[in-house]
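Here is a short tour of one model, written for someone who likes cut-offs spelled out. Have a look at the structure first, and then we can walk through it together.

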Amino acid sequence: MKRCILFYIYLIGFVLLSFAQSNVIDQVVWVVGDEAIFYSDVENTRIDAIRSGMTFDGDPYCIIPEELAINKLFLNQAALDSITVTDVEIQQEVDYMISLYEEDLGGMENVERAMQMPEKDIRSRLADQARNQILISGARKNIVEHVNVTPAEVRKYVKAMPLDSIPFVPTKVEVQIITQEPKVLQTEIDKIKSDLRNYTERVQSGRAQFSTLALLYSEDPGTARQGGETGFFGRGEMVPEFSQVAFSLTDPGKVSKIVETEYGFHIIQLIEKRGEKINVRHILRKPQVDDADIDSCMLRLDSIADEIRRGGFTFEEGAQYCSYDKETRNNKGLMSYRPAANMPAESKFEMQQLPYEIARQIQNMRVGEISDAFTMTKQNGKVVCAIVKLKNRIDGHKANVTEDYQILKEGVLAIKQEEAIMKWIKEQQKTVYVHISPGWNDCEFKYPGWRIR
């Protein structure tokens, strides 16, 4: 949801920044301080919202200009607070938004076609929007930075909530896992390397284009249709083995040596270096596992599961000594994830957060039960065999302070922060000059305290 909201915000900004190319007859509809809001701002935002499938809970010609006016208040506050934005921050935001455009539209060529301008101009226009969004976020953060909640306030809020307003906490589970990887035959690896060497020779002899071979043979679905092109990335954005070779390339006419990563085997061709970013093409080939080897791996895991059930050793010991999964092996097989980069690991999963194959296995399992062996496909595309144990299940329930304090605290904090923002807006309305053109002020505004002059 957050990703969709961010994408929509930037798309709106892009439409507004691109208005100079439209044919709408413009006029000033609001003035906030010394900043004007134009009819084009409102109309293009409304049209884009409709195209995106969004609806307005009221008159868009009332809702949109008021939201734009509030943004101008935040930008003014950002200037008063001396909030600054670095070129690096802007570049990071623009790169992020470009990646969303490419993902949604299927590559930069399609983005350029949709926006009707080259990438350079798209980046330039998005930079202005990125700067404003960073400033607005900074201003909002300063307004709510001193807002906090106490346990007593959490209890008070929850006690006053109507029963149907108390959040429902979905079922959560803790799962332990042991995985093993079917062995890939050396003959399969040798065949793939031979194919990649053949591609390299064809490119460097001029008999074929790298992009054509990538389209035909690469097994990376995200880049194959773009002729193997990755788009610009920094050193830390790809797996180390790939980045090390890619950043060592200097001649766009040459093809790299064969690179092995967790995804398979690659060859790489340089397209362009731009500062600390690089754009390359690559061809990925993934070794295929023989069905007999998968069956053999499944039998090994079924034997391990049987031995654990008989009490020969514990699941935790099996994970430590038998599992190939490095992320869980030293954690007694317990699966976990990080809700955010700066937050501690969490082991309680909602069912939809688990890989489909695991969720299907534990759906009807009892706590303490161990599954039979099954196969699953990891994010890198590799097929692995696994057994899982349902360590714990917390059934879905209405949130309560005893078991779900952190969830309720975050909810109450969000409420108090929104109250602080609304209070700040009302204070600004008392002092900031506002003029609303005739025909635009007959509205039921979300913030009715505008002192119209």
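Predicted model: local features only at pLDDT ≥ 70, side-chain atom pairs only at ≥ 80, totals over all residues.

Helices (H or I, at least four residues) and strands (E, at least two) are DSSP runs, numbered from the N terminus. Helix α2 (residues 39-51) holds E43.

Residues are numbered from 1 along each chain as its sequence is written, and side-chain values use heavy atoms, with hydrogens and water left out.

Now to a pair of helices. Helix α6 (residues 119-144) and helix α16 (residues 401-431) pack at about 105°, with axes 9 Å apart. The axes are lines fitted to C-alpha atoms over the stretch in contact, with angles from 0 to 180 degrees between N-to-C directions. The two helices are therefore roughly perpendicular to each other, a label for angles of 65 to 115 degrees. Here is who makes the contact (heavy atoms within 4.5 Å):

| Helix | Residues in the contact |
|---|---|
| α6 (residues 119-144) | R140, I143, V144 |
| α16 (residues 401-431) | Q417, E418, A420, I421, W424 |

Note on methods:
Parallel < 35°, antiparallel > 145°, perpendicular 65-115°, else oblique.
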